[in-house]
Amino acid sequence: MIKKVAIVGVGYTNFRSTTPDLSYRELTYEAATKAYEEAGVDPRKDIDSFVSTAEDFFEGYSIADEYCPDQLGAVLKPVNTIAGDFLQSLITAYMMILTGRLNIVAVQAMSKASNMTTLGELELFAFDPVFNRPLAENPHFVAGLEMNRYLHDTKTTREQCAKVVVKNKKNALNNPYAGHGAKITVEDVLNSKIISYPLTHLDISPASDGAVVMVLASEEIAKKLTRKPIWIRGVGWCSDTFSLESRDWGESTSTRLAAEMAYKMADIDNPKKEIDVVELSDIYSYKELQHLEALKFCNKGEAGKMIDNGITEIGGELPVNPSGGSLGVGHLYECSGAQKTLEIVLQLRGEVGKRQVKNANIGLAHSWRGVPTTTSVIAILGN
Amino acid sequence: MGITEKINRNIDITSWKGKIPVNYIYTAGIAGEKFFREIKDNAKIVGTKCEKCEVTYVPPKIYCERCFARLENYIDVGTKGTIHTFTILHENLDGTKKEEPTIIAVVKIDGTDGGLIHWLGEIDPKDVKIGMHIKAVFKSKEKREGSILDIKYFKPI
């Protein structure tokens, strides 16, 4: 029998398009202070290990991991950094506790996207240097290529993708921590400027700043620290080939395989029936629909109907991205999965007011690392 | 809040502009070297085939993604393919509007499981369709330097 591990405290900043008043380290410090206060732990005495999340070029440092301990209260303590998404860091922290040698582990992610003045070039630097980078094109083209093939294969329409944007930005209006809530129409999305056909400006989530810290604990400790532990029921992660030339363009295979891994661990046979609330990657509008299919909430080509029928609305049968998602909260890079996990934790605790999903007992958080990556990570949480 | 004294006037905020001059030499490797040499010298596209998995990789790889076998069987795969998907890009790298949009496609090379990411040319954006048959247009031999840009674009057949 696998040991139980819970999230016992969360701390987060607001997510905003800019945060000129705070340095990236102070942003993390704010989230960490809140998380430790909520969990009732002293990082200098109680926390056994820390896991941070950082991508050197996004942070603006070589060896950015060396800059992680101070603002987490982790100096002269065991620390390691994951160059990936927060959910990968969460799984690392989870596994540390499963060893039985560590009882309390903190996990962190942060985005200071507003500091990146050449975002397009930094993203292009993630492309294969000899086969792809010489084209020197805006990296959104990868999403344009994928969206076009997805629409072609599944007969999903641009209108259905636009409905995702409308829903998520509407949800964000009821989320105080979201930076991009708006009341807009399908026409607004379709008529916004074309970036990379069929992708328009409003189909793309806006880059944003923010930080999240969570405290994880073993079962015995968790029960002492909080009356509302949120248990980790299952995790999965997977990366497809990085080659643009040989990857699958129509579906998110890495999400499907990560989901199979997580569902098996959480003993979930019918995700649509058994999962009450979902936060999944919607960095681009069509990704929400593509990911719904990969996560087996419907068959391939049926996600468009789910949005048409209101199934994924907060009051629907399967609420998806009640926080507003990346489209409504903002695109947080390595911190994307942290915002997804945060919303699931708050939903399961019943603490989100107007956007509360009724009878939320099991939730799924999913992240994808944005173009040009093919890495997907999933955590299934329960109360 | 972790801090008690906040900055509350934008005019008080300063920032420093940093620049990371990144220069790096990338070698194309054994398979990449072969691929770019064939493009430069012979205007040919080559791939490698995994006999066991019956998968042909373009660009070539020295290992099979599926069974991890070593691949040494280089084959000429011709210069024709189909449009697997395409996009019409209106923005430059810095987010400014392009004077003319570019059409970028995933080109599946005929008879292989791989392809190339490249521009489409000699076609109006509104006439491009998924599944369209196309072929590579190379730069003249004296202008080729062993780069993916030795192919100017793909055009309809």
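## The second largest pocket

In chain A, α2 and α4 each contribute at least two residues to the lining of the second largest pocket. Helices here are DSSP runs of H or I with at least four residues, strands are runs of E with at least two, and both are numbered from the N terminus. A pocket is found on a 1 Å grid over the protein atoms alone, as an open set of points where a 1.4 Å probe fits, with protein on both sides within 12 Å along at least five of seven lines; lining residues have an atom within 4 Å of a point. This is a predicted model, in which local features need pLDDT of at least 70, side-chain atom pairs count only at pLDDT 80 or more, and totals for chains, interfaces and linings use all residues. Residues are numbered from 1 along each chain as its sequence is written.

The second largest pocket holds about 990 Å³ of space, a volume being the space filled by probe spheres set on the grid points, which are joined across faces, edges and corners. It is lined by 41 residues, and those closest to its centre are L119(A), G120(A), E123(A), H140(A) and Y333(A). The largest share of this lining, five residues, is supplied by α4(A). Domain 1 (5-118 + 208-230) and domain 2 (135-204 + 232-382) of chain A each give at least three residues to the lining; these bounds come from an automatic or database domain assignment.

## The largest pocket

About 1200 Å³ of space lies in the largest pocket. Among its 35 lining residues, N115(A), M116(A), T117(A), W16(B) and G18(B) are the closest to the centre. Two or more lining residues come from each of α2 (56-59), β4 (104-112) and α4 (119-124) of chain A.

Of the 13 residues in α3(A), 11 are buried, meaning under 20% relative accessible area with a 1.4 Å probe and protein chains only. Y94(A) and I97(A) are among the buried residues of α3(A).

Both of these residues are also in contact with V5(A), that is, they have heavy atoms within 4.5 Å. V5(A) belongs to strand β1 (residues 5-12) of chain A and is buried, with a relative accessible area of 0%.

Methods:
Chains are lettered from A and ligands numbered from 1 in the order in which they are written. Side-chain values use heavy atoms; hydrogens and water are left out. Buried means under 20% relative accessible area, exposed over 50%, partly exposed in between (1.4 Å probe, protein chains only). Lists of a residue's contacts leave out its neighbours within four places in sequence.
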